[in-house]
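Okay, thanks for coming, everyone. I'd like to walk you through one model today, so let me put it on the screen.

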Amino acid sequence: MFRKILIANRGEIAMRIIRGCRELNIATAAIYSEADSSGIYVKKADESYLVGPGPVKGFLDGKQIVEIAKRIGADAIHPGYGFLSENTKFARLCQTSGITFIGPSPETIDLMGSKVKARQIAQQAGVPIVPGTEGGVTSVDDALAFAHQINYPVMIKASAGGGGRGLRVVRSDQELRENIDVASREAQAAFGDGSIFIEKYIERPHHIEFQILGDKHGNIIHLGERDCSIQRRHQKLIEIAPSLILTPKLRAQMGEAAIAIAKAVHYDNAGTVEFLLDHEGHFYFMEMNPRLQVEHTVTEQITAIDIVRNQISIAAGKPLEIRQKDVTLQGHAIQCRINAEDPRNNFMPCTGTITAYLSPGGIGVRIDGAVYRDYTIPPYYDALLAKLTVRGRTWEETVSRMRRSLEEYVLRGVKTTIPFMKNVMMEQDFQAGRFDTSYLETHPDLYQYEESEEPEDLVLAISAAIAAYEGL
């Protein structure tokens, strides 16, 4: 087993990895920017090292990170999600430097990091794919010709990356002409790769993903599925496990398809195979994420399998201790992403200082976060503050428990998604399991809520205004 792991990430996922390492008696080293020096993960790690320049570049400087790991005697690096987690060059640099990259091989990342290559692999493995261009689109004329062939609506998608960047839904020739260059530029800015492709847009599907674990000895299993359909701007907000609409037969078929894709690329470590499921019960491969997902917590809650711990064990060369027949899905789980965002203002990111913080508790309640009272939220990173995950025996109990937990959650000083999430938990269609990727668009009443104001918030606001006035 490893002696020391350097965590090439920040925030809540850095805390999650630190906890996993502690349970395995592995020392941890964190990296941080000056803007993040007060982060709780910086204090909780056994060692912490400043990276730069600026708030973001240090987290993306693979050479600097590997040099730190070598200098401090770390024998492995965990990339978390985002930043360098899907960067082939970084994974290869770790490999050539004698440091274990806790994730799949560079070759696998390269294959699955390209949506075009991943589609080809899925097709060769006999897994259904959404009709799309077989290679990157190089001209507007090619894009128009393909759109006429499969009919609108279609999606323009970045060949690399994800998170909704470089993605546009278009319904006419004019919209295609207007958006194709914009999507390419956005993909170039986000991923350093401006190549795009076109695929058929499936109206109002469910977004279903299967969690994969594979070791270096050829053993690959899945841990069931998550329904990630509730999204804004193609970015997930609420994740549910297991899906409420999958039959045992369909679950088995999709699980086998996910494993077939993983086996086709000799996958090892944790990964996620994502599908679109239409209202007729037909599923289509969408992409594979060769890394840990934000929403891995809901799968952990219903399987009692520690995915991060397994990542570390697999990277150390140990075989999986779990067989497919050992995986059982117990009860239901929901994860709500508590973001520093204003849902009523198109989920605009918010910054500021947290003036009060009290997390919920009780049976079946889990918090993964890295914030506290007086923590100042930096404006340079993702808006995720914490993940609230609850588990219950039944769907009804789980929804009720999440609503109660959100009511208990005190996080003041900035606007958050908490009041919005409360509305979702009380909405009839959600309670009945009637939702797909169009859910937020078709339920505008979710955005109608009153912000809770406490007396101390008013005092702080008045004090800040007086201070600002006196400084004039």
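**A helix across the sheet**

Let's start with helix 13, residues 395–408, which lies across strand 11 (235–241), strand 14 (332–339), strand 19 and strand 21. Helix 13 runs at about 145 degrees to strand 21. Contact here means heavy atoms within 4.5 Å. Helices (H or I, at least four residues) and strands (E, at least two) are DSSP runs, numbered from the N terminus. Axes are lines fitted to C-alpha atoms, for helices over the stretch in contact, with angles from 0 to 180 degrees between N-to-C directions.

Quick housekeeping: this is a predicted model, where local features need pLDDT of at least 70, side-chain atom pairs count only at pLDDT 80 or more, and totals for chains, interfaces and linings use all residues. Residues are numbered from 1 along each chain as its sequence is written, and side-chain values use heavy atoms, leaving out hydrogens and water.

Eight strands make up an open sheet, in the order 13-12-9-10-11-14-21-19, with antiparallel pairing; two strands pair if DSSP finds at least two bridges between them. At the edges sit strand 13 (283–289) and strand 19 (365–369), each pairing on one side only. On average, neighbouring strands of this sheet are turned by 25 degrees against each other, ignoring direction.

What does strand 19 pair with? That's strand 21, residues 384–392, in the antiparallel sense over five bridges. Have a look at Asp368: its bridge partner in strand 21 is Lys387.

Back to helix 13, then. Its axis comes within 9 Å of the axis of helix 14 (residues 418–426), and the two cross at roughly 155 degrees. That makes the pair roughly antiparallel, the word for angles over 145 degrees; under 35 is roughly parallel, 65 to 115 roughly perpendicular, and the rest oblique. On the helix 13 side, the contact is made by Val399, Met402, Arg403, Leu406 and Glu407, and on the helix 14 side by Ile418, Met421, Lys422, Met425 and Met426. By class, that's seven nonpolar, no polar and three charged residues. Nonpolar covers Ala, Val, Leu, Ile, Met, Phe, Trp, Tyr, Cys and Pro, charged covers Asp, Glu, Lys and Arg, and the others, Gly among them, are polar.

One more pair: helix 6 (residues 106–113) and helix 7 (residues 115–124) have axes that come within 5 Å and cross at roughly 95 degrees. So helix 6 and helix 7 are roughly perpendicular to each other.
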